[in-house]
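Welcome, and take a moment to look over the model below. The report after it walks through a few features that you can find for yourself.

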Amino acid sequence: QVQLVESGGGLVQAGGSLRLSCAASGRTFSSYAMGWFRQAPGKEREFVAAISKSGGFTSSADSVKGRFTISRDNAKNTVYLQMNSLKPEDTAVYYCAATPRFSTILVVTTKVGYDYWGQGTQVTVSS
């Protein structure tokens, strides 16, 4: 069991930046692969970025590649999403997710691969 709490969302202008944080409970944070997903009103929750347990491997959606960067600090039990060059279409609730089920080097890019979810943090990008 792990509890995830997102923070860092807010209102920014197009072209601006935000850094989201996801703080996890427990002493076994390094046992979880982590991911970020987002959901806009009336739309499906979609993959944004993922990182392996050790942080050695990452993946990101084509829509955010080159703009968003996922990272983790296992000593702080925290995963981050650095979002640069934000666009209005990035507006959504962003969710942190965790899964212990896969190998050390695997990045998990599907919703069904994750067992634990945070409550989400709102990101709004104005045009």
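A disulfide is a pair of cysteine sulfur atoms within 2.5 Å. A search of the whole structure finds one such link: Cys 22 is joined to Cys 96, with an S to S distance of 2.1 Å. The angle about the S-S bond is -80 degrees, and the link of Cys 22 and Cys 96 is left-handed. The pair connects distant parts of the chain, with Cys 22 in strand 3 and Cys 96 in strand 9, 74 residues apart. Strands here are DSSP runs of E with at least two residues, and helices are runs of H or I with at least four, numbered from the N terminus. Both Cys 22 and Cys 96 are buried, where buried means under 20% relative accessible area, exposed means over 50%, and partly exposed lies in between (1.4 Å probe, protein chains only).

Before going further, please note that this is a predicted model, in which local features need pLDDT of at least 70 and side-chain atom pairs count only at pLDDT 80 or more, while totals for chains, interfaces and linings use all residues. Residues are numbered from 1 along each chain as its sequence is written, and side-chain values use heavy atoms, with hydrogens and water left out.

**The core**

A nonpolar core is a set of buried Ala, Val, Leu, Ile, Met, Phe, Trp, Tyr and Cys residues joined through side-chain atoms within 4.5 Å. The largest one has 36 residues, and Met 34, Trp 36, Val 79, Leu 81, Met 83 and Tyr 94 touch the most other members. Among the elements that give two or more residues to this core are strand 4 (33-39), strand 8 (78-83) and strand 9 (92-99).

What does Tyr 94 touch, leaving aside its neighbours within four places in sequence? Its contacts (heavy atoms within 4.5 Å) include Glu 6, Leu 20, Trp 36, Phe 68, Met 83 and Val 123. Strand 9 also holds Thr 99, which is buried with a relative accessible area of 0%. Beyond its neighbours within four places in sequence, Thr 99 is in contact with residues including Tyr 32, Val 108 and Tyr 114.

**Rings**

Rings of Phe, Tyr and Trp (its six-membered ring) pair if their centres lie within 6.5 Å; planes under 30 degrees apart count as stacked, over 60 as edge-to-face and the rest as tilted. The structure holds five aromatic pairs, and two of the edge-to-face ones are listed here.

| Pair | Centre distance | Plane angle |
|---|---|---|
| Phe 37 and Phe 47 | 5.8 Å | 70 degrees |
| Tyr 114 and Trp 117 | 6.0 Å | 65 degrees |

Phe 37 lies in strand 4 and Phe 47 in strand 5, so their pair ties together parts that are ten residues apart in sequence. Both Phe 37 and Phe 47 are buried. Tyr 114 is buried too, at 5% relative accessible area, whereas Trp 117 is partly exposed at 27%. Ring pairs link Phe 37, Phe 47, Tyr 114 and Trp 117 into a cluster.

**Two loop residues**

Most residues other than glycine have a negative phi. Asn 77, however, has a positive phi of about 55 degrees; Asn 77 sits in the loop between strand 7 and strand 8 and is buried at 15% relative accessibility. Ser 85 has a positive phi of about 50 degrees. Ser 85 lies in the loop between strand 8 and strand 9 and is partly exposed, at 41%.
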